[in-house]
Amino acid sequence: MNETLYGGAALLSALDTKDFLRRNGDSLSEVLQQVAGDRGLDLFLEADRLLDGLSPDPARVGKALRKICDLLSEADVPEDRYAAALRWHGARLTELAARLPR
C-alpha cells in the first residue's frame, strides 16, 4: 500500500508545475541557458527529471523550483530579448514554488 506523505494539494501543485514545464520548457531552458549557462540548464533538467512520472515528490520539486527561482532572481536582467521572458518565468515559478512544501 502506498502512503501519501503530502496532501493532495501539494501533489496537484507538483503536477501543475509539470504541466508548466511541458508547455514552457523550451523558453525557460533558453532563458536559463542565457542568464546562467550550463548551471541554469542543469537546474532545469533536474526539475524536469523530478517531474517525470505520475506521482512526483512535491518537496523535492519545490526545492528544485526554489533553486531556479533563486538563480533567476539573482540574474542580471538582460537588455535584450530575454528580459521579459526572465521576469515572466521568474514570477510564474515563484508562484508555483510557493504552493509546494519546503
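Predicted model: local features only at pLDDT ≥ 70, side-chain atom pairs only at ≥ 80, totals over all residues.
Modeller: Residues are numbered from 1 along each chain as its sequence is written, and side-chain values use heavy atoms, with hydrogens and water left out.

Biologist: Fine. How many helices and strands does the protein chain have?

Modeller: There are four helices and zero strands. From the N terminus on, the order is α-α-α-α.

Biologist: What makes the radius of gyration of the protein chain agree with a compact globule?

Modeller: The radius is taken over C-alpha atoms, and the globule rule is 2.2 Å times the number of residues to the power 0.38. For 102 residues a compact globule would be near 13 Å, and the protein chain has 14 Å, so the two agree. Along the principal axes, the C-alpha atoms fill a box of roughly 50 × 20 × 20 Å.

Biologist: Why is Thr17 called buried?

Modeller: Buried means under 20% relative accessible area, exposed means over 50%, and partly exposed is in between (1.4 Å probe, protein chains only). Thr17, which lies in helix H1, is at 0%, so it counts as buried. Leaving aside neighbours within four places in sequence, Thr17 is in contact (heavy atoms within 4.5 Å) with Leu51, Val61, Leu65, Leu96 and Leu100.

Biologist: And why is Asn24 called buried?

Modeller: Its relative accessible area is 19%, and the cut-off puts anything under 20% in the buried class. Asn24 is also in helix H1. Not counting residues up to four places away in sequence, Asn24 touches Trp88 and His89.

Biologist: What makes Leu41 partly exposed?

Modeller: Leu41 has a relative accessible area of 27%, hence the label partly exposed. Leu41 sits in helix H2 and touches Ser29, Leu32 and Gln33, again not counting residues up to four places away. The C-alpha atoms of Leu41 and Ser29 are separated by 5.9 Å, though these two are 12 residues apart along the chain.

Biologist: Then why does Ser73 count as exposed?

Modeller: Ser73, in helix H3, is at 59% relative accessibility, so it counts as exposed. Across the chain, buried residues make up 42% of the 102 residues.

Biologist: How do you know that the buried residues of H2 are on the same side?

Modeller: The buried ones are Gly40, Leu43, Phe44, Ala47 and Leu50. They cover an arc of only 130 degrees around the axis, so they lie on the same side of H2; the arc is that of the directions from the helix axis to the C-beta atoms. On the other side of H2, Asp38 and Arg49 are exposed. The buried residues of H2 pack against H1 and H3.

Biologist: How do you know that the span of H4 agrees with 1.5 Å a residue?

Modeller: The expected span is 1.5 Å times one less than the number of residues. For the 16 residues of H4 that should be 22 Å, and the end C-alpha atoms are 23 Å apart, so it agrees. Buried in H4 are Ala83, Leu86, His89, Gly90, Leu93, Leu96 and Ala97. Their arc is only 160 degrees, which puts them on the same side of H4. What covers them includes H1 and H3.

Biologist: Which residues touch the most other members in the largest nonpolar core?

Modeller: Leu21, Leu28, Leu32, Ile68, Leu72 and Leu93, out of 25 residues in that core. The elements giving two or more residues to this core are H1 (8–36), H2 (38–50), H3 (58–74) and H4 (83–98), with the largest share, seven residues, from H3.

Biologist: What makes a set of residues a nonpolar core?

Modeller: The members must be buried Ala, Val, Leu, Ile, Met, Phe, Trp, Tyr or Cys residues, joined through side-chain atoms within 4.5 Å. Take Leu72: beyond neighbours within four places in sequence, Leu72 is in contact with Leu28, Val31, Leu32, Val35, Leu86, His89, Gly90 and Leu93.
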